[in-house]
Amino acid sequence: AFKPRVFSGVQPTGNLHLGNYLGAVSRWVPIQDQMESIFCVVDLHAITAGFPDAGKLASATREVTAAYIAAGIDPKKSIIFNQSQVREHAELAWIFNCVARIGWMNRMTQFKDKAGKNKENASLGLLAYPSLMAADILAYKATHVPVGDDQKQHLELTRDIAQKFNNDFAARIKELDVGVPNPTPSPELPEDLFFPVTEPMIAGPATRIMSLRDGTKKMSKSDPSDLSRINLTDDAEAISRKIKKAKTDPEALPSEVDGLKDRPEADNLVGIYAALSGQSKQDVLGEFGGQQFSAFKPALSDLAVEKLSPMTDEMRRLMADASEIDAILKTGAEKASAIAEPVLKDVRKIIGF
Ligand code: ADP
Ligand code: NA
C-alpha cells in the first residue's frame, strides 16, 4: 500500500489572508502529528499570473514560510520548502502536460476566473496550472491533500492524471515492478499502481471564506479591495475596522444554521467565528442567535485579534531574520528532493527515457 503522506501549499503572491489560514494552513497543524507532511511555498505557481519583481518574489516566499511557522507548522515535524528549489516539480509537470488533455484544462473554473475576458492573452502556464499542481502532489506520491474548497476541481484533475498514467503505463509498471497492488482491484483497472489516487481533505466550517465586501466572492489575495480580506499581517486596529465595515444584512442572527441560508454574509461571519473558536456554526448561533451584528461584530473582532495577533508578532520576529527562514527552506528542499528524486527516476524508466 502507499505510505500515507500529506502535501499542500500556498502561492507567494501577496499577503496571506484569513481564508488561506482557516481553509488551509491552520488545518495542517494537527495533521503534521498524524502523517508525514510536506508543506510547500509554490513559487512556480506564483509566476503563472505574471513575473513579480525578483525581490518581491523572494520576500513573499519568506513571508509565506514565516506564516507557516507562526501558525504552528514545525520544521522538525514537517518538510517546509519552496517549489522552485526542487527540480522534480517542473520535470514531472512537463510529463503530465503530455498525459493531461487540453479539454480537461479548458474545463477548469479557476482558469476561467483568473484569465478574465482575454483568455488568448493569459499565460500558457495559467492554463497548465493544474498539471503542475498534480506534479507537486505526485512527485511525493502524496495520498492526502488538505486544501480549501476552491481547489476541489484541481484535485479531481490530479486524480485523473494519476489514473491515466497508471492505466497508460500499466504494462511497464508491472514489468519494472515499481507499483503497489491496486487496493480496489477490478477488471478495468491495472493490478499495480505507480501513483496513488489522492484523497482531498476538505472539511470543517471554513472550507470557503468569502470576501468581507461581497458574500458571493471568495476571499482572495487578488481582490483589489483590501477591505475584502483580513491579512495575517493586519494589526488589531485594521482587523476591527475591516470587520466593522464588513457587509451584512439588517436581520438579527438566527438561532439555527438553517436560518443562514440565503444570507451569505451572515453565514460567512458565523463560519469565521466558528473556525477561529474551534466550534460548529450551530454552537456559535447557540450563543449569538437573536443578537444584532452590532453585538456580534465586536465579539468577532476580539476573537480574531486574540487568535491572530500572537501569530502576527511571531511572523514579524521571523521576518526580521531572513537567514533563519532561508536555512529552514534549504533543509526542507534537501529533504523534499530526497523523496522526489527516486520517484522521478522511476518515472523516467517507465516512460523509456
Ligand atoms: P489565493 O486563492 O488567495 O491566491 P492560494 O491559491 O495560494 O490562495 O491558495 C492556498 C490555499 O488556501 C489553498 O488550499 C486554497 O484552497 C486555500 N484558500 C484560498 N482562498 C480561500 C478561501 N477564501 N477560503 C478557504 N480557503 C481558501
Ligand atoms: Na486558490
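The questions and answers below concern a predicted model.

Reader: Which residues of strand 3 point the other way from Ile79 and Phe81?

Author: Strand 3 covers residues 79-82, and all four of its residues are buried. In a regular strand the side chains alternate between the two faces of the sheet. Ile79 and Phe81 point one way, and the residues that point the other way are Ile80 and Asn82.

Reader: Is Ile339 buried, partly exposed or exposed?

Author: Ile339 belongs to helix 14, which covers residues 322-351. A residue needs 20 or more other C-beta atoms within 10 Å to be buried, and 12 or fewer to be exposed. Ile339 has 18 such atoms within 10 Å, so this residue is partly exposed.

Reader: How is helix 4 oriented relative to helix 14?

Author: The axes of helix 4 (residues 88-97) and helix 14 come within 10 Å and cross at roughly 30 degrees. Angles under 35 degrees count as roughly parallel. Helix 4 is therefore, relative to helix 14, roughly parallel.

Reader: Which residues of helix 14 meet helix 4, and how many charged residues does the contact have?

Author: From helix 4, the residues involved are Glu88, Glu91, Leu92 and Ile95. On helix 14 they meet Ala340, Glu341, Leu344, Val347 and Ile351. By class, the contact has six nonpolar residues and no polar ones, and the number of charged residues is three.

Reader: Is Glu265 buried or exposed, and which residues does Glu265 touch?

Author: Glu265 is in helix 11, residues 264-277. Glu265 counts as buried because 20 C-beta neighbours lie inside 10 Å. Leaving aside residues up to four places away in sequence, Glu265 touches Gly215, Lys247, Thr248 and Asp249.

Reader: Why is helix 3 called oblique to helix 13, and what is the hand of their crossing?

Author: Helix 3 (residues 54-71) and helix 13 (residues 293-319) pack with axes 9 Å apart, at an angle of about 130 degrees. That angle makes helix 3 oblique to helix 13, because only angles over 145 degrees count as roughly antiparallel and those of 65 to 115 as roughly perpendicular. The crossing is right-handed.

Reader: How many nonpolar residues does the contact of helix 3 with helix 13 have?

Author: Helix 3 contributes Arg62, Glu63, Ala66, Ala67, Ile69, Ala70 and Ala71, and helix 13 contributes Met311, Glu314, Met315, Leu318 and Met319. By class, three are charged and none is polar, and the number of nonpolar residues is nine.

How values were computed
Residues are numbered from 1 along each chain as its sequence is written. Chains are lettered from A and ligands numbered from 1 in the order in which they are written. This is a predicted model: local features need pLDDT of at least 70, side-chain atom pairs count only at pLDDT 80 or more; totals for chains, interfaces and linings use all residues. Helices (H or I, at least four residues) and strands (E, at least two) are DSSP runs, numbered from the N terminus. Axes are lines fitted to C-alpha atoms, for helices over the stretch in contact, and angles run from 0 to 180 degrees between N-to-C directions. Two residues are in contact if their C-beta atoms, placed from the backbone, lie within 7 Å. Ala, Val, Leu, Ile, Met, Phe, Trp, Tyr, Cys and Pro count as nonpolar, Asp, Glu, Lys and Arg as charged, and the others, Gly among them, as polar. A crossing is left-handed if the near helix is turned anticlockwise from the far one by less than a right angle, and right-handed if clockwise.
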